[in-house]
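Dear colleague,

I am handing over a structure that you have not worked with before, and my notes on it follow below. Please read them alongside the sequence and the model.

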Amino acid sequence: MSRLLIVHHSPTASMRALTERVEAGARDDLIEGVEVVLRPALAADADDVLAADAIVLGTPANFGYMSGALKHFFDSTFLRIGGALADDGSAGGSSGDAPGGSVAADSGGGRQQMPFGLYVHGRYDTTGAVRSVQAITAALPWRQGFDVLEVLGDLTGEHREAAYELGGTLAALVSA
């Protein structure tokens with residue numbers, strides 16, 4: 001059975017609603033063979049990531065950046081999950097050789113990167129939060145599996161449906 005990990009920081013009603021919809025989409029009855037694991041960003045660890053076949057990240061946009069909780073998740077797992085550092089200590093290009101579930105073998109005998117998704121909610125702007133997450137994920141053996149869901153202001157039915165689609169798509173990518 002494949003595993004989809006949802007790592008989120010959901011301190012507001014809007015973030016909780018988005019997270020619930022991502023999870024609901026990942027658990028859609030039409031998707032088979034996927035275990036969905038939901039972890040708050042402050043509780044998720046490298047073992048969770050290494051056991052996953054895909055990951056969805058959720059964060060509010062705080063002061064033009066990802067939440068401190070999601071940043072802590074990356075800080076505490078980055079090297080163990082296959083992150084690569086540049087000579088100056090910043091996130092470098094992906095190493096592509098992470099152990100565990102972070103990198104799966106493809107049918108051609110090579111390696112492929114683990115798919116990930118991202119949803120971000122902000123009151124006024126999400127640009128910096130998205131950019132900061134993408135800068136880190138670019139240095140991991142991951143590939144973007146679906147468009148980033150950026151939500152500004154109050155949630156609409158369209159946002160909720162997009163969150164459902166995000167979760168469902170990532171689960172479908174790794175379904176058995």
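Among contacts in the chain between residues at least 6 apart in sequence, what percentage join residues at least 24 apart? The share is 77%, taken over the contacts between residues at least 6 apart, where a contact means heavy atoms within 4.5 Å.

Please keep in mind that this is a predicted model, in which local features need pLDDT of at least 70 and side-chain atom pairs count only at pLDDT 80 or more, while totals for chains, interfaces and linings use all residues. Residues are numbered from 1 along each chain as its sequence is written, and side-chain values use heavy atoms, with hydrogens and water left out.

The chain contains 5 helices and 7 strands, which follow one another along the sequence as β-α-β-α-β-α-β-β-α-β-β-α; helices (H or I, at least four residues) and strands (E, at least two) are DSSP runs, numbered from the N terminus. Of its 176 residues, 50% count as buried, that is, under 20% relative accessible area with a 1.4 Å probe and protein chains only, whereas exposed means over 50% and partly exposed lies in between.

The axes of α1 (residues 13-26) and α5 (residues 157-174) come within 6 Å and cross at roughly 40°, the axes being lines fitted to C-alpha atoms over the stretch in contact, with angles from 0 to 180 degrees between N-to-C directions. The two helices are therefore oblique to each other, since angles under 35 degrees count as roughly parallel, over 145 as roughly antiparallel, 65 to 115 as roughly perpendicular and the rest as oblique. Among the residues that meet here are Leu18, Arg21 and Val22 in α1 and Tyr164, Leu166 and Ala171 in α5.

I also looked at Thr137, which lies in helix α4 (residues 127-137). Thr137 counts as buried because its relative accessibility is 4%. Leaving aside residues up to four places away in sequence, Thr137 touches Leu57, Phe74, Phe116 and Trp142. Thr137 and Phe116 are 21 residues apart in sequence, and 8.8 Å separates them in space, C-alpha to C-alpha.
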